[in-house]
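Okay, thanks for coming, everyone.

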Amino acid sequence: MEKKEFNLNDIVEMKKQHPCGTNRWKIIRMGMDIRIKCEGCGHSVMLPRRDFTRKIKKILEKHEE
């Protein structure tokens with residue numbers, strides 16, 4: 001399995017979609033835990049980095065600095 005490179009403000013797709021029907025998440029905080037925010041309804045979820053790297057499917061948009 002390839003290692004995915006993600007950064008703050010990237011838009012990612014997870015393996016399971018959010019109950020609101022959207023599967024676009026923005027990374028809004030990084031550290032030992034990663035907080036992601038649903039682009040559809042605005043709900044945010046905090047996951048340990050290890051769980052996040054297991055549950056991420058792909059990076060949809062890279063943040064341009």
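Let me start with a term: a nonpolar core is a set of buried Ala, Val, Leu, Ile, Met, Phe, Trp, Tyr and Cys residues joined through side-chain atoms within 4.5 Å. Buried, for us, means under 20% relative accessible area, exposed means over 50%, and partly exposed is in between, with a 1.4 Å probe and protein chains only.

Quick housekeeping. This is a predicted model, where local features need pLDDT of at least 70 and side-chain atom pairs count only at pLDDT 80 or more, while totals for chains, interfaces and linings use all residues. Numbering runs from 1 along each chain as its sequence is written, and side-chain values use heavy atoms, with hydrogens and water left out.

So, the core. The largest one has 11 residues, including Trp 25, Met 14, Leu 47 and Cys 38. Two or more residues each come from β1 (11-14), β2 (25-29) and β3 (33-38), and β3 gives the most, with 3. Strands here are DSSP runs of E, at least two residues, and helices are runs of H or I, at least four, numbered from the N terminus. Take Leu 47: beyond its neighbours within four places in sequence, Leu 47 is in contact (heavy atoms within 4.5 Å) with Met 14, Asp 33, Ile 34, Ile 36, Phe 52 and Lys 55.

Now, how many aromatic pairs does the structure hold? There is 1. Ring centres have to lie within 6.5 Å; planes under 30 degrees apart are stacked, over 60 edge-to-face, the rest tilted. For Phe 6 and Phe 52 the centres are 5.0 Å apart and the planes sit at 75 degrees, so we call the pair edge-to-face. Phe 6 is in the segment before β1 and Phe 52 is in helix α1 (residues 49-55), 46 residues apart. Both are buried.

On to the sheet. It's open, with 5 strands in the order β4-β3-β2-β1-β5 and antiparallel pairing; strands pair if DSSP finds at least two bridges between them. β4 (44-48) and β5 (56-61) are the edges, each pairing on one side only. β2 and β3 share 4 bridges, and Arg 29 has Arg 35 in β3 as its bridge partner.

Last, cysteines. A disulfide needs two cysteine sulfur atoms within 2.5 Å, and we have 0. For Cys 20, the nearest cysteine sulfur belongs to Cys 38, 3.6 Å away. For Cys 41 it's Cys 38 again, at 3.9 Å. Cys 20 is partly exposed at 39% relative accessibility, and Cys 41 is partly exposed at 45%.

Conventions:
Phe/Tyr/Trp six-rings, centres within 6.5 Å; stacked < 30°, edge-to-face > 60°.
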